[in-house]
Number of protein chains: 2
Amino acid sequence: MKIVPVTELKNLERSVEQNTEKQRKAVLEILQNVKSKGDEALFEYTKTFDGVSLSSLEVTKSEIDEAISSLDPKMVEIISEAAENIREYHEKQRRQSWFFTREDGTLLGQKVTPLDSVGVYVPGGTAAYPSSVLMGVIPAVVAGVEEIVLVSPPGKDGKLPAAVLAAASIAGVKRVFKIGGAQAIGALAYGTESVPKTDKIVGPGNIFVALAKREVFGVCDIDMIAGPSEIAVLADESANARYISADLLSQAEHDPRSAAVLVTTSKVLAEAVSMEVKSQLAELPRKEIAIEAIRDHGVIYIVNSLEEGADVINQIAPEHLEIMTKDPMSLLGKIKHAGAIFLGEYSSEPVGDYFAGSNHVLPTSGTARFSSPLNVDDFTKKSSVIRYSEQALKENGEKISAFARLEGLEAHARAIDVRLEDK
Amino acid sequence: MKIVPVTELKNLERSVEQNTEKQRKAVLEILQNVKSKGDEALFEYTKTFDGVSLSSLEVTKSEIDEAISSLDPKMVEIISEAAENIREYHEKQRRQSWFFTREDGTLLGQKVTPLDSVGVYVPGGTAAYPSSVLMGVIPAVVAGVEEIVLVSPPGKDGKLPAAVLAAASIAGVKRVFKIGGAQAIGALAYGTESVPKTDKIVGPGNIFVALAKREVFGVCDIDMIAGPSEIAVLADESANARYISADLLSQAEHDPRSAAVLVTTSKVLAEAVSMEVKSQLAELPRKEIAIEAIRDHGVIYIVNSLEEGADVINQIAPEHLEIMTKDPMSLLGKIKHAGAIFLGEYSSEPVGDYFAGSNHVLPTSGTARFSSPLNVDDFTKKSSVIRYSEQALKENGEKISAFARLEGLEAHARAIDVRLEDK
């Protein structure tokens, strides 16, 4: 890994959507076809893009049972335990409706309601991601969403991976469809004969999925447009170079555009990590991906103090941050922008990907400046509640009319006046 | 107003963005120019679109002082009192960071942090909207946002309305710029020599503003793409036809595409409102707008019961809902989708627009199914906090590696393994 002076700090903006007008056109056509032709379009696109002719889009109960029994029971247990931890964490995010009253009889409040229905997109391709199923579905279940629909592109055998189906069942999904790409996003946004229209679509996907989510935003809600994964480590001389290197590589193996950044006060550690990354890289099965990621988006910055290090981290606003210092907790107050903050040497990033309980769907490319991990709030919405009293209207009515007239909105003012006239 | 059987129920989807490819191209060009040319582009566009050659974009302290002293002091007092009520309501939305611990030494939590900077767009044109200033700015102030930037298009005299500047000052804005349209959105998203880059842009605007917000979404965050305003009233035979009619018209005067819907169990009330709307309409200064809105998007549905009425409301998911029945509070539990819920005959919708304290930036066009009123959460974000312990890693490490290997992510597994090997 390159060791670079902090004056050469670069942010991690690597938008998934540069120069994508061509793909956008394709996506618009797909969405339009799904909207107008429904299932017929889904069958066609699944044949074209996934290379399989399906006779039905929905996964059956017996397919799910079969998937679970085909898995190593130990693995089913691990997935279930992870699900339990994720549920425990997300339960803490549940919010109550509230109200307060004024002495004049006014009651004001905020009512929290779960969304009626959500769609969870799970990417397919070469690997299966049961952890993404848990992370997308469980917050929705905890929020109280009644209809949770999972979509994922089928393999050439017309099936979804057993681990994905098992995780869906463990997480509490009732309906699973074998569709992927922009066509799946269209189905969830508009609804088809088979696929219910949903109010929100969450989960990462490829460029077509990302563009389709952006297009349907407004018809339904979406979570975020996720970019390639990234990790930053803030470390002092006490940190373990082997651990840090392994953690940096855990993100580098995701994607050639993944980023891995070390910010440290220690030149010795910087040199050690640089060498250790090289040697660990050589042994990785996905080393072609990781080598490219480390070469293009791997960097070590030397800083003069941990305070300066925290500033650098805030400028980067990383998806994952590990703090590997003698007293990591003392730096927590200085960190303003990071998706997930891992404290201390045992808090390896994959602990959060799979098992600790927090969510692994996190803001990337510096969007931690303004975005949050996927959470229960994403599956609920609020309504304001206003019960104005007769006394309050008598006391404040004229002020309200005056304010409305200042804005030139006479009908607003008269809605108050008709009531005052009656008093 | 038309009285229509509920079997002919239509939803209120009136997207602001149909057939807008041409405007989108113009917006893309504007954004690109602002990004590359900065202030120069802002001066040019302000000349072209607002018809004024400015020498500086930022409003000065003395311009603000002048504006306040030019206003009726009573009006300044009313705006200040409204601001105080809005602050009181939004203070209740503030959230704490939290954590919990497990016996194995693990600590998991969620850290809540305000955004660093936000931009608030306030529409200009023929009228001034000081209430929009309060509603956009105060939640950001309460959230703890340090840099709040307000933008609004100048009049031909190169000034912003006095009431807008007064409200900005009362709400706590430090920096105000005389820019509008897509160019203002570009300035807030990318930053220019004068205008700071912000992390989130909120506030309603015309089609160019809406399209520009959609385009920059991801570079920064945005609140929502707002459509024309709407009101639905759920009423029984006890309701006052004059009040309801005045409230329906208060929304109808906003825009020819505004919607006004009455859902009632009472045919007598339906007839009375239909006639009363007609007679009140005749007297309105903005009657041309309101007549068109009532003609195209005004409708009365007769239902058999208030339960059925609540179902109809949930299908419509109105921006504003008034419940005008004998016992409005008893229906609150049945309402799932509405931006703001006004209970009882004194809770006229303009009470919420200006004074009660809740926010008037609300989800429109049925998006209350999945969106919330503008609130303090919109100006904060969360970070997950994970402190895994040695004991937890020892006990769960092998499960975590196994999960990672199930997904084919060997480097993830090894990040755990290097730590287990040392034990």
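Colleague: How many salt bridges are found across the interface of chain B and chain A?
Modeller: In this predicted model, the rule finds 22 salt bridges across that interface.

Colleague: Which residues meet in one of them, for example with Arg369(B)?
Modeller: The side chain of Arg369(B) forms a salt bridge with that of Asp199(A), at 2.8 Å from N to O.

Colleague: And how many residue pairs are in polar contact across the interface?
Modeller: Between chain B and chain A, 85 residue pairs are in polar contact, with both residues at pLDDT 80 or more. On the side of chain B that touches chain A, the classes are 58 nonpolar, 28 polar and 36 charged residues.

Colleague: How many residues does each chain bring to the contact?
Modeller: Chain A contributes 122 residues, and chain B contributes 122 residues.

Colleague: What area do the two chains bury between them?
Modeller: About 10900 Å² is buried between chain B and chain A, and 57% of it lies on carbon and sulfur atoms. The accessible area lost when parts come together is often used to give the size of an interface.

Colleague: Turning to strands, do strand 14 of chain A and strand 13 of chain B run parallel or antiparallel?
Modeller: They run parallel: three bridges join strand 14 (residues 380-387) of chain A to strand 13 (residues 340-343) of chain B.

Colleague: Which residue is the bridge partner of Val385(A) there?
Modeller: Val385(A) has Ile341(B), in strand 13 of chain B, as its bridge partner.

Colleague: What domains does the assignment give for chain A?
Modeller: The assignment gives domain 1 (21-222), domain 2 (228-370) and domain 3 (390-421). In chain A, the C-alpha centres of domain 1 and domain 3 are 47 Å apart.

Definitions and conventions
Residues are numbered from 1 along each chain as its sequence is written. Chains are lettered from A and ligands numbered from 1 in the order in which they are written. This is a predicted model: local features need pLDDT of at least 70, side-chain atom pairs count only at pLDDT 80 or more; totals for chains, interfaces and linings use all residues. Side-chain values use heavy atoms; hydrogens and water are left out. Contact means heavy atoms within 4.5 Å. Buried area is the accessible area (1.4 Å probe) that two parts lose on being put together, summed over both. A salt bridge is a side-chain nitrogen of Lys or Arg within 4 Å of a carboxyl oxygen of Asp or Glu. A polar contact is a pair of N or O atoms within 3.5 Å; within protein, one must be able to donate a hydrogen and the other to accept it, and residues adjacent in sequence count only if both atoms are side-chain atoms. Ala, Val, Leu, Ile, Met, Phe, Trp, Tyr, Cys and Pro count as nonpolar, Asp, Glu, Lys and Arg as charged, and the others, Gly among them, as polar. Two strands pair if DSSP finds at least two bridges between them. Helices (H or I, at least four residues) and strands (E, at least two) are DSSP runs, numbered from the N terminus. Domain bounds come from an automatic or database domain assignment.
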